[in-house]
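Colleague: I would like to learn how to read a few features of a structure with you, taking the general idea before the particular case. Could we begin with the pairing of strands?

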Amino acid sequence: MKQRLLKLLCVFSFLITTPVYALNDLNQWEGIYASALKEDKLRALSLLQDRYNALKPGIEKLYISSKLHGFMLLHGQPYHGNPNSFDPVFGELEARFIEALNREEKLDFLSANEGYLSLLDHANKQNSMDGRILFEYHLCRVFNRQAKYHQAAIYCSSLKTHLLDSSTSVIPPHMAYRVIANNQEFLGNYHAALDTYETLLSNIPPYVDSSGIYNDAGLLLATLGHFEKAKEYINIALDMRGGGQSPLELAQSHHSMGKTLLKQGNYQASIEHFVASKALVKKYDHLIGLSFAQLGLGQAYIAQADYQRGTRYLLNALASADEQDNNQIRGEIFLALSQAYKEQDNLLGALDFAQDALNLAESIGSERLRSQSLRLLAEIAEAQDNFSLALAYYRSYSQSELSKRDSDNRSAFVALDLASRDYANQIKIDSLSESNQSLREKIQLLESNLQYAFIAMLILACTFVGYIYYCRKISARYDMDLLTGALTRSAMIREVRSKTTQSADETNYVMMLIDLDDFKSINDQFGHPTGDRVLHHVIEVIKSKMETNDIVGRLGGEEFLILLNDVDELDVNERVKQLHQAIANTPFVSETQQSLSVTASLAYLATSKALHDFDELYSILDQALYQAKRNSKNCIVDAYNDPIYLTT
């Protein structure tokens, strides 16, 4: 079988022939290809080749090339694209894309990241929506694999926005939404992830293998404590994958069932599934799968108090994780080893591994791993009778949990804002429908009499003018953040995206992203009413330094976006510093007459170009703002010119 596939690949790589047929509709073709993949591998390969040959050089052809790459790797054959492309530009793009895919397969994530980022940059320069969707999908997925969830979220969020903005997608939407759901789960946004999984299962095309979604949703249900429903979902995945078509996917579902049973306390049954998973991944030399199987076995044996065997499995898993430089597995292993040593009263060993987990969490920005590490460190300090240190760790643990909750609340705020706008629009639609019905009845009654018809027209005109005034008043109210008087997030983004290229070369737009420093401590110490007054105070200070055409919006929580218009390029730095200093230098007094220091971290960029691509501009500012927070807070970072060091 492999020899026949390799022969076909060679023919495909060095002799591009005219296809027998080509399907124009990608969704229809995906269904036919999925059916062929289950029944006849050679026919499936032929469909891929025909589709590739029929397409003109472009993003869809790159997507089909990636499917060829996946097909050949699944059958043990290397794939390096088409070396004889008649289009040199496309040939170079395809070579970079396939090289990035191969680098990722070899766990060389750094090179893979660079490849995907360069391709996304090309798509942005070409203003290609399909290109953005394809390469954002791969960046979302590859950063998820590296456990760099916050970096993944940048591309996952942008991918979701572009999918909603586009009527069609070069990749099947179910593929994109699955990696988005994975990222939501990894970030701890469990209910959003569960909603995404349920939506996928309800809308997934009938030809698509949904076993992976059942598997992922089952794991999430187990995390939420719904063990019986979790086992039901994972058993569906096991049944769907049990036909021998996808042995590595079957190994994944055995591992998922093992994890669920382990959480439920059924240790022996979990070991059986971990052993089954280990046998399958070892047969195919799948290093990541082997690491997870060893981790699961280590945790299960330790739960049974077989510490010697469990520790041996965990150390083997750690060696594999180090070889892959996989932080996702490494963090879980550190926690498992620390817990094992703690249960054996080896508190020094437990302390070392818990500290390793905390250091890793800080370096990769994983709030979930940080929270688990702090709780374990608190328990170890308590066991050592060091109660003051234990209290400090418990306090940090509580702050970490609250930080995750604040993030969820920020997402809820955005959702509430959108719901509010939808409700306002519905009110306007209902009002317009009622008004139209009333006017129609009046016109029908008076159309036989010219005088009455004239009166009806006058009534219609007055009603229309009044309705326009009413619509503007309602729209203005829903565009305004009621707490601060700034624009809402959606209104601000709409205003930014409407800005075209500056008419004069020497003038710039200046976009500033502002986040109040230590705002949470103000809420905790003085209460949320004081925090609300601080937000309103800051907006008033900002408005006092703005020109007539400048705008400010509240993106959520204590984060604001300011847009200055027509700023002379020589005045940019002065305008930014002036506004930043005004926030810090304007006094604020609490209800208890205490003078509070209110400062802000600020990132900005200046450009004379159009601001249509808000997502890209926000991503640049957000990374720079994160750098400002790391620097020492109460500072300014020029997002275009200052060095930005992302955590890895």
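Modeller: In general, the strands of a sheet pair through backbone hydrogen bonds, and the pairing is either parallel or antiparallel. In this structure, which is a predicted model, strand 1 (residues 507-516) and strand 6 (residues 600-607) pair in the antiparallel sense, over eight bridges. Within this pairing, the residue that stands opposite Met512 is Tyr604 in strand 6.

Colleague: What is the order of the strands in the open sheet, and which sense does the pairing take?

Modeller: The open sheet is formed by five strands in the order 2-3-1-6-7, and its pairing is mixed. Strand 2 (551-556) and strand 7 (636-638) stand at the edges with a single partner strand each, so one side of each is left without a neighbour in the sheet. If direction is ignored, neighbouring strands of this sheet are turned against each other by 20° on average.

Colleague: Which helix packs on the sheet, and which strands does it touch?

Modeller: Helix 26 (residues 614-631) packs on the sheet, where it touches strand 1, strand 2, strand 3 (559-568), strand 6 and strand 7. The direction of helix 26 makes about 140° with that of strand 6.

Colleague: Let us turn to disulfides. How many does the structure hold, and which cysteines form a disulfide?

Modeller: A disulfide is, in general terms, a covalent bond between the sulfur atoms of two cysteines. The structure holds one disulfide, formed by Cys140 and Cys156, whose sulfur atoms are 1.9 Å apart. The pair links distant parts of the chain, with Cys140 in helix 7 (residues 129-145) and Cys156 in helix 8 (residues 149-165), 16 residues apart. The link of Cys140 and Cys156 is right-handed, with 85° about the S-S bond.

Colleague: Are Cys140 and Cys156 buried or exposed?

Modeller: Buried means under 20% relative accessible area; Cys140 therefore counts as buried at 0% relative accessibility, and Cys156 is buried with a relative accessible area of 3%. Cys635 is buried too, with a relative accessible area of 15%.

Colleague: How many aromatic pairs does the structure hold, and how should I read the angle between the planes?

Modeller: Planes under 30 degrees apart count as stacked, over 60 as edge-to-face, and the rest as tilted. The structure holds nine aromatic pairs, among them the tilted pair of Phe334 and Phe353, at 6.3 Å centre to centre and 35° between the planes. Phe334 lies in helix 17 (residues 327-343) and Phe353 in helix 18 (residues 347-364), so the pair ties together parts that are 19 residues apart in sequence. Phe334 is buried, with a relative accessible area of 11%, and Phe353 counts as buried at 16% relative accessibility. Phe353 also forms a stacked pair with Tyr341, at 5.7 Å centre to centre and 5° between the planes. That pair, too, links distant parts of the chain, since Tyr341 is in helix 17 and Phe353 in helix 18, 12 residues apart.

Colleague: Which residues form one aromatic cluster, and where does the charged end of Lys61 sit?

Modeller: Phe97, Tyr116 and Phe135 form one aromatic cluster, whereas the charged end of Lys61 sits over the ring of Tyr52, 4.6 Å from the ring centre.

Colleague: To finish, is His191 buried or exposed?

Modeller: His191, which has its place in helix 10 (residues 190-203), is exposed, with a relative accessible area of 60%. The C-alpha atoms of His191 and Leu220 are separated by 9.3 Å, the two residues being 29 residues apart along the chain.

Terms used. Residues are numbered from 1 along each chain as its sequence is written. This is a predicted model: local features need pLDDT of at least 70, side-chain atom pairs count only at pLDDT 80 or more; totals for chains, interfaces and linings use all residues. Side-chain values use heavy atoms; hydrogens and water are left out. Rings of Phe, Tyr and Trp (its six-membered ring) pair if their centres lie within 6.5 Å; planes under 30 degrees apart count as stacked, over 60 as edge-to-face and the rest as tilted. Helices (H or I, at least four residues) and strands (E, at least two) are DSSP runs, numbered from the N terminus. Buried means under 20% relative accessible area, exposed over 50%, partly exposed in between (1.4 Å probe, protein chains only). A charge sits over a ring if NZ of Lys or CZ of Arg is within 6 Å of the ring centre and within 35 degrees of the ring normal. A disulfide is a pair of cysteine sulfur atoms within 2.5 Å. Two strands pair if DSSP finds at least two bridges between them. Axes are lines fitted to C-alpha atoms, for helices over the stretch in contact, and angles run from 0 to 180 degrees between N-to-C directions. Contact means heavy atoms within 4.5 Å.
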